[in-house]
Amino acid sequence: MKALVVSDTHGDRNILETILAQFETTVDAFFYCGDSELTADDPIWQKMYAVRGNMDFDAGFPMARVEKVKGITVYETHGHRLGVSMGTARLEERANAVNADCAFYGHTHTLEAHMADGMLVLNPGSISQPRSYQQYGGTCAVVTINATTADVVFYDHQLTPIPKLHQTFQR
């Protein structure tokens with residue numbers, strides 16, 4: 001599975017349109033990890049798996065979701081209700097409970113990726129309001145995962161890959 005993961009645009013709908021246009025034919029799925037500040041019936045969500053963040057006030061978004069894409073199970077949430085600002089243990093517990101291969105989250109505006117017992121745990125950072133790697137103007141990630149590896153390429157606000165942040169993990 002190859003997926004684009006983005007989070008925390010905080011009203012910047014234009015960047016979502018730009019991301020969709022650039023990656024629409026090259027990824028299998030789009031995951032949006034909350035805090036869009038858009039409505040749940042916005043047409044853009046027809047192409048993305050989206051969850052509700054602490055700044056999304058439309059109850060039409062689910063708080064979390066589990067999706068299976070090309071045999072890979074993804075647990076997705078914003079993370080604010082799981083205390084991700086203090087660590088990912090509760091997120092990992094929830095994702096393990098559904099046998100997820102990946103756990104995607106947002107909220108902290110800080111990119112990070114690590115493996116936890118064979119599961120990729122990923123925060124793409126914020127594409128619009130980053131709190132880490134601010135020199136890139138924001139980040140999102142493309143994840144390619146199979147039975148043996150998880151490859152993470154972070155992209156900057158201009159949707160250019162950032163080679164020094166590229167990570168490949170063994171599963």
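Asp 8 is buried, with a relative accessible area of 0%; buried means under 20% relative accessible area, exposed over 50%, and partly exposed in between (1.4 Å probe, protein chains only). This is a predicted model, in which local features need pLDDT of at least 70, side-chain atom pairs count only at pLDDT 80 or more, and totals for chains, interfaces and linings use all residues. Residues are numbered from 1 along each chain as its sequence is written, and side-chain values use heavy atoms, with hydrogens and water left out.

Asp 8 lies in the loop between strand S1 (2-6) and helix H1 (13-23). Helices (H or I, at least four residues) and strands (E, at least two) are DSSP runs, numbered from the N terminus. Tyr 133 belongs to the loop between strand S8 (119-123) and strand S9 (139-145).

Strand S9 is mostly covered, as six of its seven residues are buried. S1 and S9 run antiparallel and are joined by four bridges; two strands pair if DSSP finds at least two bridges between them. Within this pairing, Ala 141 of S9 stands opposite Val 5.

S9 is also joined to strand S10 (residues 149-156), by seven bridges, and these two strands run antiparallel. Asp 151 in S10 is the bridge partner of Thr 144. Three residues lie between S9 and S10, which form a hairpin.
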